[in-house]
Amino acid sequence: MKYCEECHKAAASVFLKLAVNNKVTETHLCPACAAKKGMGLGLETGAFNISDIVGNMSGYFKDFLPPERRTLRCGSCGLKYSEFKESGRLGCPGCYASFESQLTELMTRIHGAAHHSGRAYAGGAALKFSKAEAGRRLEELRAELKAAVDREDFEGAARLRDAMKSLEARRG
Amino acid sequence: MAEGIKAFRPHVTWANARGAWPDMIFSTRVRFARNLEGFPFPNRAEPRQLAEIRRLALAAAKATGLFTRGHFIKTEALGQLEKRFLVERHHISHALAASVLPSGAAVSNDEDLSAMVNEEDHLRLQCLCSGFAIEDAFRSALKLDEALGRELPFAYGGKFGFLTACPTNTGTGMRVSCLAHLPALSRLGRMPQVLENLSHLGVTARGIYGEGTCVLGDFYQISNATCLGRTEEEFCHNIDRVIRNLIRQEIAAREELLKGPLRLRTEDAVFRALGLLKHARRLSYEEFMQNVSLARMGAAMGWNMGVDFSTFNQATLLMQPAHIQAAAGKPLDAEARDVFRAEYLRKKLA
């Protein structure tokens, strides 16, 4: 007997096969879970309406399909998760925090583990930027500071001011 | 030929046939993939950011003191031939040679240590040693990693470890590889089975120049397939075990080649190869590699070839296309290279 892939308790009697971009997904659910997902299938009541079904299904698949449907983006570099899936390359160190749960799963598949057990790293000296690079970074921070003040995010503004101070101190 | 590669000596220490089992393990390499905190990875960085990363990386490499009298290279300033020369020396990759963006490398005076900048990751730190020398290569590469890691802030997260552009390198960022020469296993047709067995042991086998390159002269690069979830020492230990097992298999295969009617055939093949290497008037790199593979095995078996083993070793480095042109002092087309190679080799083997 196949169990429901949602609750893992009841027997699955609703079988759904969907082809999206040549990728076929198969889902087995029990009637209760199918109903919760909006697939109580009007068939039983006779109220069959194809657009309802398709509409309900897309609601369900928002959770089910790989997450790029929700345009997951890295907060640091703006890389879309879908772009990563396409190229296999992450955009910046920040992507690891932005896509943590997806990457945890991926790491397990690639390496058979998702946690680093090797050497710990205590950190290195702060970067001594060139004048041009420090100038550009100060410009960016200044713009962010202005935006923070405008939306009355004073905590954020204080943080940005500290970042600017430390950047100015390190300016080559 | 620009000054850039004239500064490189013709011989390198990692091809001098020292270390353990040099007849079966040509060289051992340990590399670490590292990135700087605060910059996008190279594939997403602007050219000006790449230039800044290179400036910071090369300055930091200099500050470690490990590259005294070494070479500091800006890749896009080099011509095709010079880049090819550095690829043949394993200082830069094919991908870096093809890049037109700001990238580069620092190479130590002995050419055993190098730091490649702005390839797939901001930094690829490596140590190359002659023979089977995992422990030595690991210690030296780690010393470089730790020294640079003090000069620069590496991208590191407690959970995933060292953060890299491709998730296959995340964690330790470490790849341990041995360039194994397996002519007897190849001759006996055992390599498909050997490679199949290796794939179940968490290791990968590649061609002589790394990822996506073909197998030449029975040389296989064997390295760890994963680098997260275990310590650096555990990954080293696994490769060590796999390589020792591979050496045992190659020794057994070489013994088989010396038994019964196979012995004469083996001798015949080895001395024919030697004859070809010594007397050819035109010699392509592929033909050289096929034949030097057998001659190298003959020398390792202690047969009187009139040429010592390390000469064959250095020759595999010097006969490569860009090295031939460096020796000629000018660019040569394929036909001219083959003629020059044959003559150059005759002198080396005389």
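Which residue is the bridge partner of B:Gly104 in strand 4 of chain B? The partner is B:Val117. Before we go on, note that this is a predicted model, where local features need pLDDT of at least 70, side-chain atom pairs count only at pLDDT 80 or more, and totals for chains, interfaces and linings use all residues. Residues are numbered from 1 along each chain as its sequence is written, while chains are lettered from A and ligands numbered from 1 in the order in which they are written.

Let's look at strand 3 (residues 104-107) of chain B; strands (E, at least two residues) and helices (H or I, at least four) are DSSP runs numbered from the N terminus. Strand 3 of chain B runs antiparallel to strand 2 (residues 71-74) of chain B, joined by 4 bridges, and two strands pair if DSSP finds at least two bridges between them. Here B:Ile73 sits opposite B:Ala105. Strand 3 also pairs with strand 4 (residues 113-117) of chain B, again antiparallel and over 4 bridges. These two strands make a hairpin with 5 residues between them, and B:Glu111 in the turn has a positive phi of about 65°.

In a regular strand the side chains alternate between the two faces of the sheet. In strand 3 of chain B, B:Gly104 and B:Ala106 point one way, B:Ala105 and B:Val107 the other, and all are buried (20 or more other C-beta atoms within 10 Å, C-beta atoms being placed from the backbone; 12 or fewer is exposed, in between partly exposed).

Most residues other than glycine have a negative phi. B:Ala17 counts as buried because it has 21 C-beta neighbours inside 10 Å, and B:Asp218 is buried with 23 other C-beta atoms within 10 Å.
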